Amino acid sequence: MTHAQHAQFGRPVFAFAPVFALVALTAFAAPLPAFAQQQGARPPAPDLSAIAGSLGVSESAIKSCMPQRTPGQRPARPDAGKIASCLKSDNPDVTKAKVDSVLKEHAPKRRKRG
């Protein structure tokens, strides 16, 4: 810009760069807390005492037979067959079908996205 153009507008164009940068940063950073909250949200843990009661086994037995949660990773889907065979020592009448139906009955409710 020439001196005459500076005099006409009062200040050079690049003087607005910090204002533009602040507006752009705010626009992109505003949704970050909501995104971080979604990513950090963990599904609720299953009610092991209710599951144990429905299967007729001790809570400690169901805890030892359920897949363990690994921090920072999605929980493993329970395998009804493995859980049933693990629980046989606590209750020989436990079947894969019974474990499957009880797990579905006591599954944590899915959260609505929106």
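## A buried asparagine

Asparagine 91 is buried, with a relative accessible area of 15%; buried means under 20%, exposed over 50% and partly exposed in between, using a 1.4 Å probe and protein chains only. This residue sits in the loop between H6 and H7. Helices here are DSSP runs of H or I with at least four residues, numbered from the N terminus. Leaving aside neighbours within four places in sequence, asparagine 91 is in contact (heavy atoms within 4.5 Å) with Leu55, Gly56 and Val57.

This is a predicted model, where local features need pLDDT of at least 70 and side-chain atom pairs count only at pLDDT 80 or more, while totals for chains, interfaces and linings use all residues. Residues are numbered from 1 along each chain as its sequence is written, and side-chain values use heavy atoms, leaving out hydrogens and water.

## One face of H4

Let's turn to helix H4, residues 48–55, where Leu48, Ile51, Ala52 and Leu55 are buried. Seen down the helix axis, the buried residues of H4 fall within an arc of 100°, so they line one face of the helix; the arc is taken from the directions from the axis to the C-beta atoms. Among the elements covering these residues are helix H5 (59–65), H6 and H7. After H4 comes glycine 56, with a positive phi near 70°.

## How the helices cross

Two packed helices are described by the angle and the distance between their axes. The axes of H4 and H7 are 10 Å apart, and these helices pack at an angle of about 145°. Axes are lines fitted to C-alpha atoms, for helices over the stretch in contact, and angles run from 0 to 180 degrees between N-to-C directions. Ile51, Ser54 and Leu55 of H4 meet Lys98, Val99, Val102, Leu103 and Glu105 of H7.

Helix H6 (residues 80–87) also meets H7 (residues 96–105): their axes come within 8 Å and cross at roughly 115°. Here the contact involves Ala80, Gly81, Ile83 and Ala84 of H6, with Lys96, Val99, Asp100 and Leu103 of H7.

## The nonpolar core

Which residues have the most contacts inside the largest nonpolar core? They are Ile51, Leu55, Val57, Ile62, Ile83, Leu87 and Val99, in a core of 17 residues. Such a core is a set of buried Ala, Val, Leu, Ile, Met, Phe, Trp, Tyr and Cys residues joined through side-chain atoms within 4.5 Å. H4, H5, H6 and H7 each give two or more residues to this core.

Leaving aside neighbours within four places in sequence, leucine 87 is in contact with Leu55, Val57, Ala61, Ile62, Cys65 and Val94.
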